[in-house]
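Dear colleague,

I am passing on the structure below for you to look through. My notes on it follow directly after.

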Amino acid sequence: ASPLTWILALGGSGLLIATRSKGALIAIAAAASGWWLLRQRGWLRWLPLPLIALAVVLVVALPSWSAGLNASAKVRWGYWSGAVKLIREAPLAGLGIGSFAERSSGVMPLWAEPSRMVHNEPLELAVVAGIPAALLLVILLLLVCWSRRDDADEWANHGSRLGAKTP
């Protein structure tokens with residue numbers, strides 16, 4: 001890959017890591033693993049799988065990591081349960097932009113932290129614009145992923161034209 005590609009990839013990854021977001025770290029790991037699986041051949045191709053398994057074992061085995069993830073998951077569950085209650089109020093048309101921020105404190109469990117966002121795009125869209133809009137988002141995301149699957153060979157061939165190792 002070109003130096004600019006590496007600069008952009010490393011810079012973007014650095015910014016995501018700087019957010020200290022667990023989701024961003026998982027996304028970086030998933031993207032890097034997918035890239036590795038597409039680009040490598042032979043036994044080295046499968047190297048990300050044991051590394052991912054090791055990471056899962058560490059998260060489960062280390063109480064400090066596990067407790068942090070459990071607390072985070074519980075807070076998210078509170079956001080999502082509040083969102084579901086708001087969706088029930090207007091399932092077809094939604095409640096409008098900013099409605100979760102305005103109304104979430106009345107529907108979230110007491111133990112949930114205050115939040116302006118649902119932290120789940122399909123649920124956020126269902127609150128704002130209704131279930132049909134959220135389903136449309138999910139369908140569009142699935143279509144994008146499906147079409148990218150067919151482009152994997154083209155992507156690999158493009159990489160080989162840039163001097164990268166062919167899968």
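Angles under 35 degrees count as roughly parallel, over 145 as roughly antiparallel, 65 to 115 as roughly perpendicular and the rest as oblique. Please bear in mind that this is a predicted model, in which local features need pLDDT of at least 70 and side-chain atom pairs count only at pLDDT 80 or more, while totals for chains, interfaces and linings use all residues. Residues are numbered from 1 along each chain as its sequence is written, and side-chain values use heavy atoms, with hydrogens and water left out.

Helix H1 (residues 3–18) packs against helix H2 (residues 22–39) at an angle of about 150°, their axes being 8 Å apart, and H1 and H2 are therefore roughly antiparallel to each other. In this pairing, Ser-13, Leu-16 and Ile-17 of H1 meet Ala-24, Leu-25 and Ile-28 of H2 (contact means heavy atoms within 4.5 Å). The residues of that contact divide into five nonpolar, one polar and no charged.

Ser-99 lies in helix H5 (residues 99–103) and, at 1% relative accessibility, counts as buried (under 20% relative accessible area, with exposed over 50% and partly exposed in between, for a 1.4 Å probe and protein chains only). A polar atom of the Ser-99 side chain lies 2.7 Å from the backbone oxygen of Gly-96. Not counting residues up to four places away in sequence, Ser-99 touches Leu-86, Ser-104, Val-127 and Val-128.

Val-127 and Val-128 are also among the buried residues of helix H6 (residues 121–129), together with Leu-123, Glu-124 and Ala-126. After H6 comes Gly-130, whose phi is positive, near 100°.

Notes:
Axes are lines fitted to C-alpha atoms, for helices over the stretch in contact, and angles run from 0 to 180 degrees between N-to-C directions. Helices (H or I, at least four residues) and strands (E, at least two) are DSSP runs, numbered from the N terminus. Ala, Val, Leu, Ile, Met, Phe, Trp, Tyr, Cys and Pro count as nonpolar, Asp, Glu, Lys and Arg as charged, and the others, Gly among them, as polar. A polar contact is a pair of N or O atoms within 3.5 Å; within protein, one must be able to donate a hydrogen and the other to accept it, and residues adjacent in sequence count only if both atoms are side-chain atoms.
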